[in-house]
Amino acid sequence: MFSNKDRFKESFLKRLESMCGKGFEESTKRDQYHTLGNMVREYISSKWIETNELYRSENKKQVYYLSIEFLLGRLLGQNLLNLGIKEIVEEGLSELNITLSEIEDCESDPALGNGGLGRLAACFLDSLATLNLPGHGYGIRYKHGLFDQKIVDGYQVELPEQWLRHGNVWEVRKPDEAVEVSFWGRVETSCDNNVLSFKQVGDQKVLAVPYDMPVVGFHVNTVNTLRLWNAEPSSFGPNHDILSYKRETEAITDFLYPDDTHDEGKILRLKQQYFLVSSSIQSILASYKKENSNVRELHHSVAIHINDTHPALAIPELMRILMDVEGLTWDEAWEITSHTVSYTNHTILSEALEKWPIYLFKPLLPRIYMIIEEINERFCAELWDRYPGEWQRIEHMAIIAHGLVKMAHLSIVGSCSINGVAKIHSDILKNREMKPFYELYPWKFNNKTNGITHRRWLLKANPELTAIIKDVIGDEWIKQPEKLIDLKRHIYHPALKESFAAVKRKRKEILAKKIAEKNGIIVDIDSIFDVQVKRLHAYKRQLLNVLHILYLYNRIKEDANYTITPRTFIFGAKASPTYYYAKKVIKLIHSLADKVNNDPRVSKVIKVVFMENYRVSLAEDIFPAADVSEQISTASKEASGTGNMKFMMNGALTVGTLDGANIEIMEEVGRDNIFTFGLTASEVLKYEENGRYRSMEYYHHDLRIRQVVDQLTNGFFSEDEGEFESIKDSLLVQNDQYFVLRDFASYIEVQEKVGVAYQNTDKWLEQALINISHSGFFSSDRTIQQYADDIWEIGPVALKM
Ligand code: 73E
């Protein structure tokens, strides 16, 4: 079917007729997408079956990655690339006068995640399959992924996302592997021969039906599985009030929670978490038991990873099944569970640390609550032995305290490994946030600096840059991304600089065209494309970027002789629908854009663009076109960041604080090839401890600051004067929790340096190439290899090509 372009063309036309009942001439782009998607899925299936058979026959240890989010992005292009058939398809299609990208644009963008955490899970799946590692994802098949963002008069409006509207060619429904998940009811305890047994009675059952999606490795035969669960009414459901039962059941998988780092304290969210965990653990055990008779050996064959605390109920759920279903004792079950589960922490923001009120938790999950109580009691007894009399310490470390179940504590106690996602973040976990736990279990703590798959973020998103790199250093780096460093020897070659400059320019033109179409704004290709794309959050400080632009506006207006390197400031960001402050900042960016872009003099040198509905497919257009990457979170608050790595890999220079993985980017490229500014993490943490920061002082003493802050409410923007008062209050009345004013002067200074540096084109190009050369370290292949070696203890299981 894909052996050469003629065979492809022939099969494509035949398949189109049989699938759509139309000839090629009458077919729509969507018909063509469905046809091609189906052909690719079919092509994948034999490898998929073979991989599963191999895993069964080899019976080696496998890892299951449990995550409430998988931010996959479109799959057609990536699958074609990984299968090595993209060129044949492109050639065949071009003879039919169609381009692959037109067809790709018909695919909806599965947005089953909010931001970095969900995208990380998707990158990990790609690396697992490419490294031939037996590793699978377990998640939820949300009917509606993250909302679609519309901007109306500068305000964000949320629309329900509809990725399943035209079906999903990649999934296979597996009703025979459906399992039951229980909610509510009560626990009945009985005693037989001095052995206690527990049974949940009067419960409500929900059917979890798996939909499997293939995860294709790059140029290997491995096809792993992403299993997404759908909630449906069970035939063991109630026989009264069927309609509300059906509605309640289906609601479990209706929506992804539109939240990033805020904890949504909703009972539906807890239901989603248990639904994911219970169905996944049942499925993992069923598959284990097909090949293994002794459940006591589980941890030798199975590793279960929890992506943050959202799937932490995997711990009590595995305990429940091992005891109540398999008949193991507590000690046996605990030994297995605590050697099977490992946990990644992604944030130290206190609002994101999950804590469930007992009054919600206990009625919904009575048996699970009972087990957590027992884990807590045994843990507190252990603490009492180790720290006799230290009540405060024990209270602080307990899993259940003050009417709350603390999911992070449960995760630490029940796991064999706890990791942070960048060096500084893991250090903060060990030395501050989780210090008492680190003192108790030092061997459990480790770091795994995040990574991104260069297959999507370089090969797929930027084929033009990929071609240049291949020309210069061949293609070994694709399988061994650390070999990108070979490019460094060539960065002074004029030919390389020229071709890189040409590619950057081309990608800026493509983005500029999109901006013209979507925003009606004409941007200058020769200006610096300065980009901040990420979720909108106070700690990420989009506001600092805004205040800098406002400052530039003032300088240009006030000083006729002021010169500046032309810049286009590009933003993309979704705000959680209930996050008032974040939505105000989106409105502020739009009001600023109106002022800047409509001022005849200012708009000659700077422009402001907000790109609506930031998502994976849009990101693939943005990263390759960026010159400057804005990574300006308050130091210590961004655990890692992964956008920073995508920019670097595409040859943008970072303007960043010493936060998260920015620090490791600096270590890789050297201080001269990154623009750092602002407070360090320890300075921030010290301020937080001693309470000595007074934002008012900066407001009073720095006229530049006073002017921009006052402009928020003095009628400078055409909006009502109260529109941005809450933003001003956050800076002055609430003492500027994220140190925006404290870092303002330092940010202005570094941005001036950026402007000057960009004028020296030759040097800038060298610096960009240095960034690309060092980006191999940030491939998720490196990250996944470290997880595989140090945490999961799994090795490759490969079919011959
Ligand atoms: O720094 C990022 C990190 O790069 C961090 O904020 C993000 O995870 C990325 C991947 O490691 C993250 N997301 C969440 N917590 N940390 C989160 C919390 C609650 C709901 C959804 C996502």
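Let's start with helix 13 and its buried residues, where buried means under 20% relative accessible area, exposed means over 50%, and partly exposed is in between, with a 1.4 Å probe and protein chains only. Those buried residues are Pro-366, Arg-367, Ile-368, Tyr-369, Ile-371, Ile-372, Ile-375, Asn-376, Phe-379, Cys-380 and Leu-383. Helix 13 covers residues 366-386, which is 21 residues. Its first and last C-alpha atoms are 30 Å apart, close to the 30 Å expected at 1.5 Å a residue. That expected span is 1.5 Å times one less than the number of residues. Helices (H or I, at least four residues) and strands (E, at least two) are DSSP runs, numbered from the N terminus.

A quick word on the source. This is a predicted model, so local features need pLDDT of at least 70, side-chain atom pairs count only at pLDDT 80 or more, and totals for chains, interfaces and linings use all residues. Residues are numbered from 1 along each chain as its sequence is written, and side-chain values use heavy atoms, with hydrogens and water left out.

Now the domains. Domain 1 is 59-74 + 109-416, and domain 2 is 454-678 + 738-779. These bounds come from an automatic or database domain assignment. The two centres, taken over C-alpha atoms, are 36 Å apart.

How many residues are in contact between domain 1 and domain 2? On the domain 1 side, 38; on the domain 2 side, 34. Contact means heavy atoms within 4.5 Å. About 2900 Å² is buried between the domains, and carbon and sulfur atoms give 52% of that. Buried area is the accessible area (1.4 Å probe) that two parts lose on being put together, summed over both.

Three salt bridges link domain 1 and domain 2. A salt bridge puts a side-chain nitrogen of Lys or Arg within 4 Å of a carboxyl oxygen of Asp or Glu. Arg-455 and Asp-126 form a salt bridge through their side chains, at 3.0 Å, N to O. Which elements give two or more residues to the side of domain 1 that touches domain 2? They are helix 6 (116-130), strand 3 (148-152) and strand 4 (155-159). Helix 6 gives the most, with seven residues.

Last, two asparagines. Asn-132 has a positive phi of about 55°, although it is not a glycine. Asn-132 sits in the loop between helix 6 and strand 2 (135-140). Asn-194 also has a positive phi, about 65°. Its loop runs between strand 7 (186-192) and strand 8 (195-201). Buried or exposed? Asn-132 counts as buried, because its relative accessibility is 14%. Asn-194 is exposed, because its relative accessible area is 75%.
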